[in-house]
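This report looks at a ligand and the residues around it, and then at a pair of aromatic rings.

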Amino acid sequence: MSVLIAPSILSADFARLAEEIAMVEGAGADLIHLDVMDAHFVPNLTFGPMIIRAIRSLTELPLNTHLMITDPDTHLDAFMEAGATAIGFHLEAFHEEERARRASAILERLEQAGLERFIAVNPDTPVDWVYPYLDRLDSVLIMTVHPGFGAQTLIADCLEKIPRLKREAERRGLSVAVGVDGGVNLDTAKEVVAAGADMLVAGSAVFHAPDPPAVIHTLRAAVSPV
Ligand code: DX5
Ligand code: ZN
């Protein structure tokens, strides 16, 4: 299976969003990664369902929606109705005593709506936090930066979570794809794929480049099996 490439529009020019999305779609991006931030779970504030609805009308690509918000359950319907293809959230958003209940309820609502599901794992969070939910997830998103901002440096120590996660999934006869988010660029992509990643999220490496399509093509070539 080839590795999927998911440009994150966090680093796109929002005054030219339609062109930016058409550009990465034309260059062969597999999906669009949407970073939703609430200035509470993370220090930064980005966009919500309104913008996602607008983006839905701009592209046929799957919309991979990464909720970095404190109350994903409260806002879930709005994100589902906006046209997200996959929705992911952070277990770190919940207090320990309500984590299992809130996470399960979100997964159940997404399952019922037929949406793809993922959980994102912060750099300081042990990967086994997701083990209780593995059979209900399409993928796990391993954060290789502390969420909140684009253009940070990849924390390579986080990559060891990938083989551990894959072993656990295999032991249980499950197939769970692993995405990697944060600091993925032409220098780091090979290492990330060698660790077992199935999807690369790349924001600044694509949108801050002078020639974004060339970056997507080069990324693709760098991570494709020969
Ligand atoms: C970080 C976001 C990432 C971000 C990645 O909080 O979740 O998706 O856009 O940006 P780069 O690729 O620039 O590290
Ligand atoms: Zn993200």
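Which backbone N or O atom lies 2.8 Å from an oxygen atom of ligand 1? The atom belongs to Gly 203, and it forms a polar contact, that is, a pair of N or O atoms within 3.5 Å. A polar backbone atom of Gly 148 lies 2.7 Å from an oxygen atom of ligand 1, while an N or O atom in the side chain of His 66 is 3.3 Å from a ligand oxygen. On its own, ligand 1 has 380 Å² of accessible area (Shrake-Rupley method, 1.4 Å probe), and the protein covers 100% of this area.

This is a predicted model, in which local features need pLDDT of at least 70 and side-chain atom pairs count only at pLDDT 80 or more, whereas totals for chains, interfaces and linings use all residues. Residues are numbered from 1 along each chain as its sequence is written, chains are lettered from A and ligands numbered from 1 in the order in which they are written, and side-chain values use heavy atoms, with hydrogens and water left out.

## The surrounding shell

Ligand 1 is surrounded by 20 residues (each with a heavy atom within 4 Å of the ligand), and the closest are Asp 35, Gly 148, Ala 151, Asp 181 and Ser 204. The shell divides into nine nonpolar, nine polar and two charged residues, with Gly counted among the polar ones.

Strand 2 (32–37), strand 3 (63–68) and strand 8 (199–202) are the elements that give two or more residues to this shell, strands being DSSP runs (E) of at least two residues. Strand 2 gives the most, with three residues.

## An aromatic pair

The structure holds two aromatic pairs, meaning rings of Phe, Tyr or Trp (its six-membered ring) whose centres lie within 6.5 Å.

Technical notes: A polar contact is a pair of N or O atoms within 3.5 Å; within protein, one must be able to donate a hydrogen and the other to accept it, and residues adjacent in sequence count only if both atoms are side-chain atoms. Helices (H or I, at least four residues) and strands (E, at least two) are DSSP runs, numbered from the N terminus. Rings of Phe, Tyr and Trp (its six-membered ring) pair if their centres lie within 6.5 Å; planes under 30 degrees apart count as stacked, over 60 as edge-to-face and the rest as tilted.
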